[in-house]
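Subject: Structure handover

Hello,

Please find the structure below, passed on for your files. My notes on what was found in it follow directly after.

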Amino acid sequence: MRARDAAGLLLDAKGIVFKLKAAAVLSVVMVFCLLLLGLVAAMGGDASAVGCGDRGRPGVDPGDEGGGGAQRPGEGIRKKQLANAEIIDTVAKEGGLSGRATLIALMTALQESTLLNLDYGDRDSVGLFQQRPVAGWGTKEQIMQPKYAAKMFFWGGDDGDPPGLTDIRGWESMKYGAAAQAVQRSAYPDLYDQHEDYARELAGEAKIDLNRGGTNGSPPGGGESDKPRDKGCQDGGKPGEPGEPFHDGAAGWPPEVKNPRSTKEAIAAAREEARSGPKKWYQMCLAFTSVAYGWSSSGVPYAIDHYREMPTSMKHDKDRNPPPGALMYWDTGQRAGHVAVYLGGGEIASNDIRRPGYIDVVPATEIESKWGATYLGWAPPYFPKGG
């Protein structure tokens with residue numbers, strides 16, 4: 001045999017041995033991986049389900065006092081749920097609300113926080129109802145007080161912003177989950193109803209009467225963190241009901257209300273804009289009201305903020321008797337809200353209601369009937385930041 005041939009055979013033999021060894025090692029690694037995956041699947045399935053839930057799909061830390069979910073908690077968590085349920089019902093009873101209101105609140109809190117007073121949540125959401133400070137529900141410290149959080153859920157913020165349960169028209173006859181969603185505006189509107197049975201079970205254990213009738217529905221007083229809530233009018237007028245017509249009032253403007261145009265001139269300018277103005281007012285309701293009164297801008301980004309920053313003495317919450325020239329405000333369910341100039345005779349000059357981008361003269365009730373908005377009240381044409 002030639003030396004060259006012998007060397008070739010030797011190299012071939014070494015290659016075969018190397019391949020056999022590599023295949024053996026690879027087989028061992030694959031078997032080990034399969035065993036490891038089986039062990040993880042057997043041990044980690046439940047923990048994975050709890051840890052990956054989105055907001056609105058609450059879970060309980062399985063290491064926290066034996067808990068296992070909103071409706072199958074351990075003894076320690078169950079006690080906390082009962083204690084929080086009693087607080088919610090106490091706030092409802094003190095405010096004259098029915099047992100139905102308590103049930104809606106319990107279902108909401110079970111969905112949002114597992115009925116636990118959580119100090120964390122999606123973005124800045126905290127507390128029983130996962131209310132957000134940035135959305136006007138209060139400071140984090142306030143929201144973390146269960147009694148305060150319950151008051152806000154039932155009665156909302158000042159001037160109906162953000163709206164609470166009692167601000168929702170017809171909440172007493174709505175489906176429980178729909179009423180909860182009207183307050184929470186959740187990305188998961190269909191998940192509240194799943195908690196009704198467990199909420200009733202908790203209520204029974206806590207001796208809560210869910211068949212209790214309501215009385216006046218006013219928020220209970222007391223507590224440093226309570227927000228004052230004036231549902232009446234500063235001038236003693238009687239608020240009307242949604243859908244009722246608006247009538248002219250006779251209130252004058254405070255001396256600090258000074259605009260480049262008079263009220264009469266502003267009303268004339270608004271009517272002229274509706275008659276012949278161009279398409280330039282899309283989603284610019286607050287800008288239009290300030291321009292009608294002779295300003296180039298209001299100095300405030302959103303209509304809802306303009307009303308919120310209005311001096312308390314100037315706000316006439318829910319009053320449906322605005323004087324001609326007043327600014328009327330609505331909560332549309334969106335961040336900006338809506339404002340329009342009241343022209344008298346039950347009519348307003350409003351953008352986008354008939355034609356997007358244009359100003360039209362329409363009955364003031366159309367903001368409610370066409371947009372489903374909630375009327376907040378009226379205020380004088382006061383633009384302290386106008387320029």
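Leaving aside its neighbours within four places in sequence, F154 is in contact (heavy atoms within 4.5 Å) with I88, V91, A92, L97, A101, T102, A105, G164, L165 and T166. Apart from F154, the residues I88, I104, L115, F129, F153 and L165 also belong to the group that touches the most other members of the largest nonpolar core, which has 42 residues. A nonpolar core here is a set of buried Ala, Val, Leu, Ile, Met, Phe, Trp, Tyr and Cys residues joined through side-chain atoms within 4.5 Å. Buried means under 20% relative accessible area, exposed means over 50%, and partly exposed is in between, with a 1.4 Å probe and protein chains only. Two or more residues of this core come from each of α2 (75–94), α3, α5, α6 and α7. The most is given by α3, with eight residues. Another core lies apart from this one; it has 28 residues, among them A303, I304, Y307 and M314. As general background, nonpolar side chains in soluble globular proteins tend to be buried together.

The basis of all this is a predicted model: local features need pLDDT of at least 70, side-chain atom pairs count only at pLDDT 80 or more, and totals for chains, interfaces and linings use all residues. Residues are numbered from 1 along each chain as its sequence is written, and side-chain values use heavy atoms, with hydrogens and water left out.

On confidence, pLDDT is the predictor's confidence in each residue, from 0 to 100. Its mean over the protein chain is 80, and 73% of the residues reach 70 or more. Residues 37–68 have pLDDT below 50, and this stretch has 44 contacts in the model beyond near neighbours in sequence. Residues 222–239 are also below 50, with 45 contacts beyond near neighbours in sequence.

For the chain as a whole, there are 11 helices and six strands. Helices (H or I, at least four residues) and strands (E, at least two) are DSSP runs, numbered from the N terminus. The protein chain has 387 residues, and buried ones make up 44% of them. Of the contacts between residues at least 6 apart in sequence, 66% join residues at least 24 apart.

Next, helix α6 (residues 176–184). Seven of its nine residues are buried, which leaves the helix mostly covered. These are Y176, G177, A179, A180, Q181, V183 and Q184. They pack against α3, α5 (146–155) and α7 (196–205). After α6 comes R185, with a positive phi near 55°.

S113 is in helix α3 and counts as buried because its relative accessibility is 0%. Its side chain makes two polar contacts (pairs of N or O atoms within 3.5 Å; within protein, one must be able to donate a hydrogen and the other to accept it, and residues adjacent in sequence count only if both atoms are side-chain atoms). One reaches the backbone nitrogen of L115 at 3.2 Å, and the other the backbone oxygen of L128 at 2.7 Å.

T114, with phi near 65°, lies in the loop between α3 (99–113) and α4 (140–143). Q283, with phi near 55°, is in the loop between α8 (263–276) and α9 (285–292). T114 counts as buried because its relative accessibility is 1%, whereas Q283, at 62%, counts as exposed.

Last, the strands. Four of the five residues of β4 (residues 347–351) are buried, so this strand is largely enclosed by the rest of the structure. Strands pair if DSSP finds at least two bridges between them. β4 pairs with β3 (residues 338–344) in the antiparallel sense over three bridges, and G344 stands opposite E347. The two strands form a hairpin with two residues between them, and G345 in the turn has a positive phi of about 65°. β4 also pairs with β5 (residues 359–363), in the antiparallel sense over five bridges; there, A349 has V361 as its bridge partner.

Regards
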